[in-house]
Amino acid sequence: MSGRLLAHRRSFLGGMAAVGSGAIFAERPFWGNPGPREGEAKRGNKEEEVSPNEDLMREHGVLVRCLVIYREVIRRLDASQDFPPDVVVGTANLIRTFVEDYHEKLEEEYLFPRFRKAGRLVDLVNVLDNQHQKGRIVTDKILQAPKIKTSKETFRGYLDMFVRMYEPHEAREDTVLFPEFRKIVSPHEYDALGEEFEKKENHLFGTDGFEKNVSRVADLEKRLGIYDLAKFTPEV
C-alpha cells in the first residue's frame, strides 16, 4: 500500500504498441497516489445525516467508479493503447485505503458479526467475507506488479479477476445484505451505527472524508479521459 512515487520515471511501455512480447513493467515501475485533487465537494456548515445503509451504498459508488477505471485499462491493454500508469496505482491505492481498509472493515466489524449472531444470511456473509480477503490479495499483486516486472497478460488477469469478483459482490450487498441489515437491528442501534461510521470516516480521512475520496476518483477518471459521463452514451 505504498504511496511513494518513483522520481524521474521513463515512459511506461514506450508506447503500448510494442506490448505484445515483453514484461509490461520492464521499462519503468510506477508508484504513487493520484495527483492533486481539485474541487473537493463540501457539505457546508451543517453536517448531513446519513444512515448506515446509505453510507455503505454510496461508498459502493466509489468502488464502482474504480472498477470502471480498471475496465478501461483492460480495454487499452487489449487494444495495445497507452494509458497513464500512475492512474492504475492511484486507483489501487484508493481501493486499498477507502474500500478495503475502511468500507470493508465496517462490514466485517459491524455487519457480518450481527448477521452471524442472528443466524441470517450466514452463507452469503461467509462468501462476502472470503471475497474481501481475496480482493486484498489481488490489490497487493496489482501494487507489486511494477516491482517484479509483471507481464501484460498476468497484470491484465489481476485487473480482470478483481472486476469480475467485485461487480456481483457489491450488487449482492446492495440488493440483499444491506436491506436485510435494517431488519436485524433496533432503530436505536441503527442510528448509533450511523454515528459510529461517521466517526471512523472522520478519523481516517478528516472532515468531508467521503467527498475527498469522490474527488480522488474523479481526478483519476480525468487523467484517463473517462470523466465525461456522456462518453458512455451509446449511439443507437
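**Figure 1. Leucine 121 sits in the loop between α2 and α3.** Although leucine 121 is not a glycine, its phi is positive, about 50°. The model is predicted: local features need pLDDT of at least 70, side-chain atom pairs count only at pLDDT 80 or more, and totals for chains, interfaces and linings use all residues. Residues are numbered from 1 along each chain as its sequence is written, and side-chain values use heavy atoms, with hydrogens and water left out.

**Figure 2. The chain has six helices and zero strands.** Helices (H or I, at least four residues) and strands (E, at least two) are DSSP runs, numbered from the N terminus. Along the sequence the pattern reads α-α-α-α-α-α. The chain has 236 residues, of which 47% count as buried. Contact means heavy atoms within 4.5 Å. Among contacts between residues at least 6 apart in sequence, 79% join residues at least 24 apart.

**Figure 3. Helix α1 covers residues 52-78, and serine 80 comes just after it.** The 27 residues of α1 reach 39 Å from the first C-alpha to the last. This is close to the 39 Å expected at 1.5 Å a residue, where the expected span is 1.5 Å times one less than the number of residues. Serine 80 lies in the loop between α1 and α2. Its phi is positive, about 55°, although serine 80 is not a glycine. Serine 80 counts as partly exposed, at 30% relative accessibility.

**Figure 4. Helix α1 packs with helix α6 (residues 209-224).** The angle between them is about 15° and their axes are 10 Å apart. Axes are lines fitted to C-alpha atoms, for helices over the stretch in contact, and angles run from 0 to 180 degrees between N-to-C directions. α1 and α6 are therefore roughly parallel to each other. Angles under 35 degrees count as roughly parallel, over 145 as roughly antiparallel, 65 to 115 as roughly perpendicular and the rest as oblique. The crossing of α1 and α6 is left-handed, a term used if the near helix is turned anticlockwise from the far one by less than a right angle. On the α1 side the contact includes Arg58, Val62, Cys66, Ile69 and Val73, and on the α6 side it includes Phe210, Val214, Val217 and Leu224. By class, the contact of α1 with α6 has ten nonpolar, one polar and six charged residues. Ala, Val, Leu, Ile, Met, Phe, Trp, Tyr, Cys and Pro count as nonpolar, Asp, Glu, Lys and Arg as charged, and the others, Gly among them, as polar.

**Figure 5. Helix α1 also packs with helix α5 (residues 187-205).** Here the angle is about 40° and the axes are 8 Å apart. α1 and α5 are therefore oblique to each other. Pro52, Asn53, Asp55, Leu56 and Glu59 of α1 make the contact with Tyr190, Leu193, Gly194, Phe197 and Glu201 of α5. These residues divide into five nonpolar, two polar and three charged.

**Figure 6. Helix α3 spans residues 122-144.** Its 23 residues should span 33 Å at 1.5 Å a residue, and the end C-alpha atoms are 33 Å apart, which agrees. Among the buried residues of α3 are Leu124, Asp129, Gly135, Arg136 and Leu143. What covers the buried residues of α3 includes α1, α2 (85-118) and α4 (152-184).

**Figure 7. Helices α3 and α4 cross at roughly 150°.** Their axes come within 10 Å. α3 and α4 are therefore roughly antiparallel to each other. The crossing of α3 with α4 is left-handed. Residues that meet include Leu128, His132 and Val138 in α3 and Phe155, Phe162, Met165 and Val176 in α4. By class, the contact of α3 with α4 has 14 nonpolar, five polar and four charged residues.

**Figure 8. Proline 146 is in the loop between α3 and α4, and arginine 156 lies in α4.** Proline 146 counts as buried, at 3% relative accessibility. Arginine 156 counts as partly exposed at 25% relative accessibility. Leaving aside neighbours within four places in sequence, arginine 156 is in contact with Ile74, Leu77 and Asp78.

Technical notes: Buried < 20%, exposed > 50% of the residue type's maximum accessible area, 1.4 Å probe, protein only.
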